[in-house]
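This report walks through one structure for a reader who is meeting it for the first time. Please look at the sequence and the model before reading on.

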Amino acid sequence: FINFLKNYNNPNLTVSFSAERSIEDEISRESQSDIGTVLISYIVMFVYISIALGHIQSCRRLLVDSKISLGIAGILIVLSSVACSVGIFSYFGIPLTLIVIEVIPFLVLAIGVDNIFIIVQTLQRDECLQGETLDKQIGRVLGDVAPSMFLSSFSETVAFFLGTLSTMPAVRTFSLFAGMAVLIDFILQVTCFVSLLGLDIKRQERNRLDILCCIKSNEEMSGVQRSESILFLFFKNLYSPYLLKDWMRPIVIAVFVGILSFSTAVIHNVEIGLDQSLSMPGDSYVMDYFSQLSKYLHAGPPVYFVLEEGHNYTSLEGQNMVCGGMGCNNDSLVQQVFNAAEIGSYTRIGYAPSSWIDDYFDWVKPQSSCCRVYNTTGQFCNASVTDPSCTRCRPLTQEGKQRPQGKDFMTFLPMFLSDNPNPKCGKGGHAAYSSAVNFINNKSDVGATYFMTYHTVLKTSADFIDAMKKARVLADNITETMGIKEKNYRVFPYSVFYVFYEQYLTIVHDAVFNLCISLGSIFLVTTVLLGFEVWAAVVVSITIAMIIINMFGVMWLWGISLNAVSLVNLVMSCGIAVEFCSHVTRAFTVSTKGSRVERAEEALSHMGSSVFSGITLTKFGGIVVLAFSKSQIFKIFYFRMYLAMVLLGATHGLIFLPVLLSYIGPPVNKAKTRTAQERTRGTERERLLYF
């Protein structure tokens, strides 16, 4: 059908068309067209990671000090965790969705790369103790940073797994795959990646080239020297002291509170739904169909009011509850739909319904020439047949002119539904109603039936959602007035677009539920893993909640609607926000400085550069590439939301959170202070902390 219409050509006709499978086909085609853009995005991130991990001492040692092979290994570990998650759930028959394929690698790369940068950069800044072997040094460094990594990864894992409580299939599937991928990624990083890191340092100590490790460099160097990156020195000497000055901190709090107030004020104005045209490629034939539909048609999609099995159509009372002609109830099904069509601008019902039962009554009347049977066989005789043996179904008596009831009703109804309209009888029901009536019990009873009408012209997602809501309200009212609620059958509406828009009736509830579950689980896990530092967990939760609320503010400003795709991104932003907040907060809780301001400065100095280079710069490079996507859905729901996610996460985690901790951070834990002093005695970390 689609191929025929695509190839049809007539200079006098322009045909716009769509089939029920068209939207799904075109979304699939669009996804495939953006594979190149997504691959370039990931390649940009891979290149940055591979280069940024190395600390080059001199140009002559470029190929020795670089960590391209380690960066590639780290990326492969991240991708392996995604593959493991997909494999595990595919084994149990849980289907993979397009959102999972497009979103989870981005999420796990953000979380995984951050941990990689923290391990590598902390080790690069560390100085080996006298008589300490490499494996013991790595173990000591891992003992310092692994709790922070475990805190963030376990918080995210629990938050995602609890997200499977959602009733939305897209969110539930994403949460399952994401939770497992993050968990496996953490396990591989503290085992496999740490082992690879040790091998890479041994290669560097032996002056062997990166990647080409069999080749030895002529540039000799005694061991791997401790090094501090320019970014680390910037955070330590310039950024942290300046941000936490007494006059700067109130300004930061005021600005972020103002932004939060704005986002809270506009959160209810975020649109709900997904414009179908956004999910279509620009050259799609469906785009022409949508355009012509809203431009020329005066009727919207057909809507069917279905009366479920159980109603008695053979009794006069049962007929009066449904029909719309003479003698029918004023609040009958057909009459209520007709009344709704009279105020179509409100109800979104465009026309009076097509009523099979009213047309059947007109067809079976003896005054018409429609209902005839052969007097010899009793079989149906079409009105176009000229045969003297064809006689009226019912006599021209007063009783015959009444509506058929009981056995008569069921005798002639199959004839009506098989009769094709013709010039002598236009009421034949085969064309209009052949599928409107379902027979049961060997055609001795009527089962479910429908009454069809049309919605008014619907153009936007808000129109479609409102039309579905109003149709359901009308159907519920019909069920109520017919008094059939307690009889275990009802009236319900159906239109072909309902399957796409039904999710939006509960999406606000689903969004609140999922985000609250995520925040609650992050609070509980953070509380436990920080040694029951409840106040520190409160500060982390407040910051993450601010990021989420501000995400809604960005969605309103940037025209991003709330739907399954954006809700998955919001749930994912909870996970990425943990990465921006938890490392700095834990560094604050284990800091042994005297005042809150000094502890916040030390935490930001120690973790800020790793978080900034690990997530912010990595993601920023990959996100910018998505701006060049051909697809509108990629530009809006991935480029815009990912960019907002990273920028809001970075500004809250690296600007607002340290300032908030400097005001209301938890007090110094003396037990942790003594433990930290023992662990860091004689190391670079001790000099950073105490001098």
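By class, the side of domain 1 that touches domain 2 has five nonpolar, two polar and one charged residues, where Ala, Val, Leu, Ile, Met, Phe, Trp, Tyr, Cys and Pro count as nonpolar, Asp, Glu, Lys and Arg as charged, and the others, Gly among them, as polar.

Domain 1 comprises 1–217 + 227–270 + 505–690, and domain 2 comprises 298–504, with bounds that come from an automatic or database domain assignment. The C-alpha centres of domain 1 and domain 2 lie 58 Å apart.

## How to read the values

This is a predicted model, in which local features need pLDDT of at least 70 and side-chain atom pairs count only at pLDDT 80 or more, whereas totals for chains, interfaces and linings use all residues. Residues are numbered from 1 along each chain as its sequence is written, and side-chain values use heavy atoms, with hydrogens and water left out.

## Two buried residues

Arg 203 is found in helix H8 (residues 169–205); helices (H or I, at least four residues) are DSSP runs, numbered from the N terminus. With a relative accessibility of 9%, Arg 203 counts as buried, a word used for under 20% relative accessible area, with exposed meaning over 50% and partly exposed in between (1.4 Å probe, protein chains only). The side chain of Arg 203 makes a polar contact with that of Asp 200 at 3.1 Å, and it also reaches the backbone oxygen of Arg 208 at 2.7 Å.

Tyr 498, in helix H19 (residues 498–501), is likewise buried, at a relative accessible area of 4%. Its side chain is in polar contact with the side chain of His 455 at 3.0 Å.

## Salt bridges

The structure holds 13 salt bridges. In one of them, the side chains of Asp 463 and Arg 348 meet at 3.3 Å, N to O, linking helix H18 (residues 461–482) with the loop between helix H14 (344–347) and helix H15 (356–364), 115 residues apart. Both Asp 463 and Arg 348 are buried.

Lys 427 and Asp 359 form another such pair, at 3.2 Å, N to O. Lys 427 lies in the loop between helix H16 (406–418) and helix H17 (430–433) and Asp 359 in helix H15, so this pair ties together parts that are 68 residues apart in sequence. Lys 427 is partly exposed, at 34% relative accessible area, whereas Asp 359 is buried, at 19%.

Conventions: A polar contact is a pair of N or O atoms within 3.5 Å; within protein, one must be able to donate a hydrogen and the other to accept it, and residues adjacent in sequence count only if both atoms are side-chain atoms. A salt bridge is a side-chain nitrogen of Lys or Arg within 4 Å of a carboxyl oxygen of Asp or Glu.
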